[in-house]
Amino acid sequence: MQNDFGFNFDNTYATLPESFFSLLGPSSLTSPELVLFNDELAHFLGLSTEAMRSEDGIAFLAGTKVPPGGVLLAQAYAGHQFSHFTMLGDGRALLLGEQITPSGERYDIQLKGSGRTPYSRGGDGKATLGPMLREYIISEAMADIFPTTRSLAVITTGEKVARETLLPGAVLTRVAKSHLRVGTFQFAAGRGRDQELKTLADYAINRHYPEAFQDANPYLSFYRAVVHTQASLIAQWMLIGFVHGVMNTDNMAISGETIDYGPCAFLDIYDPSTVYSSIDHYGRYAYGNQPKIAAWNLARFAETLLPLIDSDQEKARDLATIELESFSGKYDQHFLAGMRKKLGLKDSHEEDAALIHDLLELMREHKADYTNTFLDLTFQRFDEHDLYRLEGFASWRERWEKRRGTWEEAQALMKRSNPALIPRNHRVEEVLRAAVQERDYKPLKKLLSALKEPFAHSPEQAEFASPPESNDIPYRTFCGT
Ligand code: AMP
Ligand code: MG
């Protein structure tokens, strides 16, 4: 049912067996304040930008009032966190409802940081302003680059939240095709009730891969679709230099959207061993490990589906293994195709993999900036880095130039495939500092605006494109913030 706010909820997750969620009441906060609101996304969702800014609108975004047609719930899930299996669930998130957009698509609207839930374990259920603004910036910056959850709003709660120091509390409104995770399936499988598992799988297929029902073995077909979607997603991360940072199975979405931007960051210098997260001591989620970890997570996903794939578990395992083994080939295809575009190559040749590998190896060896190297190639700026004066590079460039078609065409393709800027870690920190410490949102909004059209290559963007002046102090990110 529509209303002044534009909410048009149809809550299907709440029809799953009740073990999959906990119904919650509204939270209590006295002085929520809207600090960021995404008009464009609101419009896409069919929400009124005006009504959502009203007192009631803000109360919905704070979780203190139930929106018309909404059902507040926290979802149950499990997950392998740094390879250790744990029962989890939304410990600090609240689903408001599933919004049907004017174009008929279904999106979860979820609040992150809205208070304790039955899954909070020892946590306070809260989030702090810096990390919620960070997720807003990065998810919105990636919206035109790879599939991702989106950010509708950030509100401050008026509370102080105890971390290492007292920090301002905040709630992020996150929008996703769904919040079904590999971990949701692990939760269902862990309960050992095949009927519940089947209900969940049918639900996920219906919501994300309905064509799988046409297949003789819908659950195998569903698995294949998720494997291929993830192969494509991870290749896109790698192409942009994105390090997710916490690829636990509960942070891998069945929809193929990037989810949970906690400790993520972007490569400055190209180095596959790059790790930013302060808790990733062994580099499990290093940039270069991401494809391998995705495959590991997908193996855990397969294990949950075996009872549905075939009643003969050995046969089910063999069938799923074939699909899982297709991951690396699919990933390579996507990565190669994307790299060709970044280099302005419009067709494919056998020697491309070597051409790409050799460039990346030169970049690694000579500590070249990942994003800017591709921009330098795009704009033929060969005086920007020592790398370009090396003989090794000159011979690589010769091979590349021979391989390319006309420069105009190649350059146009490169401009469309190499972003003018990414949310540079040091730039993001700068604008967060101003916003959190001085409540000055101007720098943040300026950065958001520069990030909006990543392939515009405008002068406004060039200002944000420079790498950090020094890499002496490694950049660190934090989870559970
Ligand atoms: P994440 O690493 O952000 O994906 O979170 C892992 C799990 O910890 C999820 O189940 C979260 O809901 C939960 N969690 C993170 N922070 C908090 C918090 N402050 N209070 C309660 N649960 C939390
Ligand atoms: Mg998570």
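Predicted model: local features only at pLDDT ≥ 70, side-chain atom pairs only at ≥ 80, totals over all residues.
Visitor: How many residues surround ligand 1?
Guide: A residue is near a molecule if one of its heavy atoms lies within 4 Å of it. The closest to ligand 1 are G89, G91, D124, G125 and D260. The number of residues around ligand 1 is 17.

Visitor: How many residues of the shell around ligand 1 are charged?
Guide: Asp, Glu, Lys and Arg count as charged; Ala, Val, Leu, Ile, Met, Phe, Trp, Tyr, Cys and Pro count as nonpolar; and the others, Gly among them, count as polar. The shell has two nonpolar and seven polar residues. The number of charged residues in the shell is eight.

Visitor: From which domains does the shell around ligand 1 draw at least three residues each?
Guide: Domain bounds come from an automatic or database domain assignment. At least three residues of the shell come from each of domain 1 (9-176) and domain 2 (180-424 + 465-481).

Visitor: Which residue has a polar side-chain atom 3.1 Å from an oxygen atom of ligand 1?
Guide: A polar contact is a pair of N or O atoms within 3.5 Å; within protein, one must be able to donate a hydrogen and the other to accept it, and residues adjacent in sequence count only if both atoms are side-chain atoms. For nitrogen atoms of ligand 1, a polar side-chain atom of D124 lies 3.0 Å from one, and a backbone N or O atom of G125 lies 2.8 Å from one. The residue with a polar side-chain atom 3.1 Å from an oxygen atom of ligand 1 is N251.

Visitor: What share of the accessible area of ligand 1 does the protein cover?
Guide: Accessible areas come from the Shrake-Rupley method with a 1.4 Å probe, and for residues only the protein chains shown count as cover. On its own, ligand 1 has 480 Å² of accessible area.

Visitor: Which residue meets D260 in a salt bridge, and how many residues apart are the two?
Guide: A salt bridge is a side-chain nitrogen of Lys or Arg within 4 Å of a carboxyl oxygen of Asp or Glu, and the whole structure has 35 of them. D260 lies in the loop between strand 11 (242-243) and strand 12 (265-266), and its partner lies in strand 7 (residues 106-112); helices (H or I, at least four residues) and strands (E, at least two) are DSSP runs, numbered from the N terminus. The N to O distance is 3.5 Å. The partner is K112, and the pair is 148 residues apart.

Visitor: Is K112 buried or exposed?
Guide: Buried means under 20% relative accessible area, exposed over 50%, and partly exposed in between (1.4 Å probe, protein chains only). D260 has a value of 15% and is therefore buried. The value for K112 is 7%, so K112 is buried.

Visitor: Why are E303 and R300 separated by about one helical turn?
Guide: These residues form a salt bridge, with the closest N and O atoms 2.7 Å apart. E303 is partly exposed at 37%, whereas R300 is buried at 15%. The separation is about one helical turn because the two are three residues apart in helix 7 (residues 290-309).

Visitor: What relative accessible area does R389 have?
Guide: R389 forms a salt bridge with D386, the closest N and O atoms being 2.9 Å apart. D386 is exposed, with a relative accessible area of 55%. R389 is also exposed, and its relative accessible area is 55%.

Visitor: What phi does R121 have?
Guide: Most residues other than glycine have a negative phi. R121 lies in the loop between strand 7 and strand 8 (127-128) and is exposed at 51% relative accessibility. Although R121 is not a glycine, its phi is positive, at about 45°.

How values were computed: Residues numbered from 1 in each chain as written. Chains lettered and ligands numbered in written order. Heavy atoms only, no water.
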